[in-house]
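Here is a short walk through one protein model. Please look over the sequence and the structure before reading on.

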Amino acid sequence: TRWSDTALSRGSSEVKIVLVGGVFGDERGTSARSRTTPETILMDGFLAHGHSVEVFAHAAFSPDVDADIVHVHHLGVGALAMASSTNRIPFVFTSHNGQIHSGFESSFLHRRAFTYVLSRADAAVALTDAESAFLRPYLGPHVPCAVIPNGVDGTRFYPDGARQQDPGTVTILYVGQLIPCLLYTSDAADKRSRVHHGGARA
């Protein structure tokens, strides 16, 4: 397999990792806000463990790189380039695409590109068990799919025991894009439920 000639298989303490993601092509990637994206947190973690990391935006990436592993985030030209490559560098793919596995992706081309990239990946990362189950049929029979949830810093986000809440209501902290495929509604939901977005009440 493509894993057989990597630093990992040789037991090396330093692995040469290439990360590909849109945030690395954005000037905001150097801002404090963008330093808390999944891609940049992963980069910082690899660096802290002594690995070598090189980053690329999708449009700037070429599979002809000197690396032990290429990890691509999101479906983009970088993912398609790596999936189409004939090199022997192991290819890890994290889709971050809730629209597809929630059934909200209307583009036939996007769905076909998504399944093609997965069929060529040497490993995949899912954020939940449900996403892993969705990805599994599109991966090769021996391709691993790790479930790594987005982390939450428990020292910064925790329940406020002193806060009073109306009886019969449930408060949910949601951090993410407020788009239809990520919102959950229930007929049994309390009619007094409120959504707070950006400090405003909706």
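**Aromatic rings, a helix and a loop**

Phe91, Phe93 and Phe114 are linked into a cluster by ring pairs.

A pair of aromatic rings is described by two values, the distance of the centres and the angle of the planes. With rings counted as paired when their centres lie within 6.5 Å, the model has four aromatic pairs. One of them joins Phe91 and Phe93, with 6.3 Å from centre to centre and 50° between the planes, and this pair is tilted. Both Phe91 and Phe93 are buried. Another pair is made by Phe134 and Tyr138: the ring centres are 5.6 Å apart and the planes stand at 55°, so this pair is tilted. Buried would require a value under 20%.

The next stop is a helix. Helix H1 spans residues 38-48, and Glu39, Thr40 and Met43 are buried in it. These residues lie on the same side of H1, because the arc they cover around the axis is only 90°. An α-helix has 3.6 residues a turn, so residues three or four places apart point the same way. What covers the buried residues of H1? The cover includes three strands: S1 (16-20), S2 (52-56) and S3 (69-73).

His51 is in the loop between H1 and S2. The side chain of His51 reaches the backbone nitrogen of Val15 at 3.0 Å. Which residues is His51 in contact with, leaving aside its neighbours within four places in sequence? They are Ser13, Glu14, Val15, Ile17 and Phe46.

A last point concerns confidence. The protein chain has an average pLDDT of 79, and 69% of the residues score at least 70. Over residues 184-202 the pLDDT is below 50, and this stretch has 12 contacts in the model beyond near neighbours in sequence. Where pLDDT is low, the predicted coordinates should not be read in detail.

Key: Residues are numbered from 1 along each chain as its sequence is written. This is a predicted model: local features need pLDDT of at least 70, side-chain atom pairs count only at pLDDT 80 or more; totals for chains, interfaces and linings use all residues. Side-chain values use heavy atoms; hydrogens and water are left out. Rings of Phe, Tyr and Trp (its six-membered ring) pair if their centres lie within 6.5 Å; planes under 30 degrees apart count as stacked, over 60 as edge-to-face and the rest as tilted. Buried means under 20% relative accessible area, exposed over 50%, partly exposed in between (1.4 Å probe, protein chains only). Helices (H or I, at least four residues) and strands (E, at least two) are DSSP runs, numbered from the N terminus. The arc is that of the directions from the helix axis to the C-beta atoms. Contact means heavy atoms within 4.5 Å. A polar contact is a pair of N or O atoms within 3.5 Å; within protein, one must be able to donate a hydrogen and the other to accept it, and residues adjacent in sequence count only if both atoms are side-chain atoms. pLDDT is the predictor's confidence in each residue, from 0 to 100.
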